[in-house]
Amino acid sequence: MTKRTRDKGFTLIEVVVVLAVIAALVAILTPMLLGYIKDSRLRRAEGDVKTIAAAINALYKDTAVYPGDKASKAYLASDTSSLPSGVTSADVEDLADHLIDNDAGYSTTGRF
């Protein structure tokens with residue numbers, strides 16, 4: 001009697017079952033992962049807003065003006081010690097007027 005040897009490797013059924021299990025796990029875990037990503041972005045945005053609010057409040061406590069306010073233009077132009085060489089207080093006033101008049105960087109719709 002001859003002994004029959006089996007070829008080494010996986011059968012088609014075994015490969016299909018493994019692929020089906022992997023596909024089921026991916027289908028279950030993908031929505032959860034996307035939810036975690038969305039939550040982390042939301043928490044980061046909330047943290048950024050709190051940081052900006054704290055910075056604005058600190059600026060107000062130091063200078064008694066808010067950024068973008070007409071009074072902030074006068075405050076910025078009054079301190080010329082930190083300006084680069086060649087930049088005058090008139091340049092700062094012109095830039096502040098331009099930013100305030102054009103609402104540069106500010107959005108009331110919440111879209112950037």
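Accessible areas come from the Shrake-Rupley method with a 1.4 Å probe, and for residues only the protein chains shown count as cover. This is a predicted model, in which local features need pLDDT of at least 70, side-chain atom pairs count only at pLDDT 80 or more, and totals for chains, interfaces and linings use all residues. Residues are numbered from 1 along each chain as its sequence is written, and side-chain values use heavy atoms, leaving out hydrogens and water.

Select the whole protein chain. Its accessible surface is about 10,100 Å², with 62% belonging to carbon and sulfur atoms. Of its 112 residues, 6% are buried (under 20% relative accessible area; exposed is over 50%, partly exposed in between; 1.4 Å probe, protein chains only).

Show the secondary structure next. There are three helices and zero strands (DSSP runs: H or I of at least four residues for helices, E of at least two for strands, numbered from the N terminus).

Colour by pLDDT, the predictor's confidence in each residue from 0 to 100. The chain averages 77.

Now pick Leu-29, in helix 1. Leu-29 has a relative accessible area of 47%, so it is partly exposed.

Finish at residues 106-112, where pLDDT stays under 50.

Methods:
Contact means heavy atoms within 4.5 Å.
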